[in-house]
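Student: I am new to this structure and would like to work through it by question and answer. May we begin once it is on display?

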Amino acid sequence: MSVAIRNALVVTKRGEERLDVKIAQGVIAEMGTSVGPADSELDGTNCHVLPGFVDLHAHLREPGKEDSETIETGSRAGARGGYTALVAMPNTNPAQDSVPVIEFVRMQGERAGLLEVVPSGCITVGRAGTALSPMAELARAGVQIFTDDGSGVQDPALMRRAMEYSRELGITLAQHCEVSSLTVGAVMNECSCSSDLGVPGWPALAEELMVHRDIELAKLTGARVHFLHLSTAGSVHLVRQAKALGLPITAEVTPHHLSLTEELLRSFDSVYKVNPPLRSVADIEALKAGLLDGTIDAIATDHAPHVRRDKELPLDQAPPGMLGLETALGVVLSVLDLTPLQVAEMMSVRPAKIAGIAERHGMLPEVGGPANLCVVDMHQEWTVEPRSLASKSTNTPYVGRVLRGKVRHTVFNGHVVVSDGKAMR
Amino acid sequence: MKQEQPRSSSRTALSGPDVQRAISRIAHEIVERNHGAQNVVLIGLQRGGTWIADALAERICAIEPELTIPNGSLDVSMHRDDIGIRPIVPGAISDISFDINGAIVVLVDDVLYTGRTVRAALEALNNFGRPQAVQLAVIVDRGHRELPIRPDFVGKNLPTQIGDEVVVSDSGVVITAEVSP
Amino acid sequence: MKHLRSIRELGRDGLEQLLESATHMAEINRRPIPKVPALRGKTVVSLFYEDSTRTRLSFETAAKRLSAETMSFSVSTSSVSKGESLRDTIETISHMGAHCFVVRHKSSGVPWQIAQWTNASIINAGDGAHQHPSQAIVDCLTVRQAIDQPFFDGVNVTIVGDIKHSRVARSNIEAFTMLGARVTVVAPPTLLPSHIGHWPVTVVHSLDDVIASTDVLYMLRLQSERMDQGLIPSLSEYGSQFGLTMERAQRLQSSAVVMHPGPMNRGVEMHVDPSDLSQSRIHQQVENGISVRMAVLFDLLARDGELQQLHEEVSA
């Protein structure tokens, strides 16, 4: 089954080129001004062809909380967002700390067939922070990224052991930086607003202390460390310094941390409650600068679906997290002026390398390359309609907001999975 | 929003001196009807009746010098019968610092119209006690009663139209007719 | 004014209007039969997720004196909340015909969240550590009566205690400041909010520094959990540093006003019996409680500022 993308600008190694793209047998067969007919035609007028996005950070909730999302619905949401691969976070139930669960998640992803679901493994058993999980076994089963996301590994000695162990396995440890004793009961950033509202706050220090610690441990052990969802100016500063020393440190930032501030919590709307919390304007500026100068390598969504009932709890009881897969591009381009190449770098090329899937994803389109692509209109303005989301949940703070940049088509392994914004399966 | 419609044709139905004479006459009638003023208390209805109650108290004091007649004021806004139909805006604070149980309460108001204010006043009095009797003194009865309420003491009966505005002060009674649009 | 949820949302005009109305209600409360039909046909529902017999009864009495119907749900046991979400509770009770919810909850923000699920007016009787606006109005009224001044320019108000966790402090600081007072807070650093520097208050760590110059001394209750949480070394140390001891009481100005939102922790923040203190206005606070709550209910459910002109058209 062949696919042709016509009339678009393709982002290649040579720059933006006005080329038609022909896909057959899972690869890009031809790129030129006239590629002949195909079984499936995708119109790319006003669009750019980019490598399919890779999300380093998505919560698919299966197994364990299928009422909020399943691997299938999460994959569909990802595909609509232009993603051809995503790293599934391991805070499932049971947790992704054993081979059977990893295989299950991978298999469910294959069955859905909408994008590549790359399961991450836990650093500690059950994410409890006390004993290392069988990382070698999991690595043999193909797991490349390990994290206890949802929490950070609190014990420095344990983290050191994990890093020493990981170095030999060539895997990456991804840290959710949060010193939990400093964030007990926290509902939002610790700031003027939290003082006014009388709610416990999450101080920036709680993130920065762990970023600092893990950078020092990485220096000591030589491990490869990736920092999840950085949210403070201080963290960006620490990572910039670490990179200047040539350490194998990478970092990601979410679209919501680039666009929303702590003041939104004055409404007490739990849709804005997230870990790490929304922060100040100054933090947003530092994160944007960090992204633009390469200190932050990638944009990752931290897609966190929650059923409406859970988000309707009082603010201090509501679970943190918001959706992200379907709005990522639209949010990022509404707050940052990026070129298509920058979008490709931040949302596809670099995350693919970090995730260890760069042979299949994150490659600028070229003949012979894998047909994992998205066709995006960088300027199209649109608003979020909760009912038209592919995700099973609707906890997005962007309802009614005008976003800029829309994914029109997504091609995964040579198959059209999203056409004109609609999922094909 | 209340429309300010152009009003014209005001007429003075009673002069200032006429109003004062009416008050004097009513004071005598109150004393006569009640065979003296020993058990009588005056309660002026906010806002229009309080100055009249004060004037009556003065006159009655002149007629029966050994008595000091208790004189209070009552705001009936919280007792109106159009609660739920219109918003309530409280007026001045009521001030009835004496016991009305067993007394003869003379309610005093400037104009008697539909009777609803007096009905509300009767209900409000229940909060304060159980009078022996309640009598009603008004300077002007302008008709158009909507309830079975009748005055005991009247300054003057003045026929009016429903849209008319009637203003009573110590300079007289002025009726202003509403101009039809 | 549709809701009373925070002093900030109420605004200065709203605050003054309520203080006005409260004096009307005080007169009604002095009548032999303190009852008016102003809220006839309205239903006021108290939904107390946190125990408070005193405040709940105060609101219910206020509603009854205005002839409203009352319904009361006390959720500290498990009657309403087993499995039933806040939203379900609010929607169900709204459909039963509630015009007004009086809500107390341990989570900040609940009065704003529930406004999405009902058209009824919402009165915040205390949400987490955030706001307790009716208490602040009671306190402003009490100060007004004590100093016989409607506005507080030039008045020194000192609030002592666990500011960090106190909704009464937050509401009172806003209300007193709105009326022109100079507010000082006295507390150990661990009981102050992280960003108090942004508040329009002076921060002092020693009560002795201000006891002789303050015009109003407002003592907050210290909960014993604060010691368990390691925020203060011990209750007795707190008491000796920040409590109203006999010695400190003697240094108060004779015209000073001493207040406490209740209930008192004797031997912790209060070391003197208020009935021995001529400056105490704690009883007046309690008395004013019902008048203020009547004013709040009345202003939300019976009065509409925009239609004030109709008042003139009321038939005589």
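Student: Leaving aside its neighbours within four places in sequence, with which residues is B:Asp110 in contact?

Tutor: The model is a predicted one. In it, B:Asp110 is found in strand E4 of chain B, which covers residues 104-112. Once neighbours within four places in sequence are left aside, the contacts of B:Asp110 are B:Gly48, B:Gly49, B:Ile52, B:Val138, B:Ile139, B:Val140 and B:Val168.

Student: Does B:Asp110 count as buried or exposed?

Tutor: A residue is buried if 20 or more other C-beta atoms lie within 10 Å of its own. B:Asp110 has 23 C-beta neighbours inside 10 Å, and therefore it counts as buried.

Student: Which chains share the most contacts?

Tutor: There are 2 pairs of chains in contact. Chain A and chain B are joined by no contact, their closest C-alpha atoms lying 30 Å apart. The pair that shares the most contacts is chains B and C.

Student: Which element gives the most to the side of domain 1 of chain C that touches domain 2 of chain C?

Tutor: Chain C is divided into domain 1 (7-132 + 286-313) and domain 2 (133-282), and 24 residues of domain 1 of chain C are in contact with 20 residues of domain 2 of chain C. On the domain 1 side, the elements of chain C that give two or more residues are helix H1 (7-30), strand E4 (121-127) and helix H10 (282-301). With 8 residues, the element that gives the most to this side is H1(C).

Notes:
Residues are numbered from 1 along each chain as its sequence is written. Chains are lettered from A and ligands numbered from 1 in the order in which they are written. This is a predicted model: local features need pLDDT of at least 70, side-chain atom pairs count only at pLDDT 80 or more; totals for chains, interfaces and linings use all residues. Two residues are in contact if their C-beta atoms, placed from the backbone, lie within 7 Å. Domain bounds come from an automatic or database domain assignment. Helices (H or I, at least four residues) and strands (E, at least two) are DSSP runs, numbered from the N terminus. A residue is buried if 20 or more other C-beta atoms lie within 10 Å of its own, exposed if 12 or fewer, and partly exposed in between; C-beta atoms are placed from the backbone.
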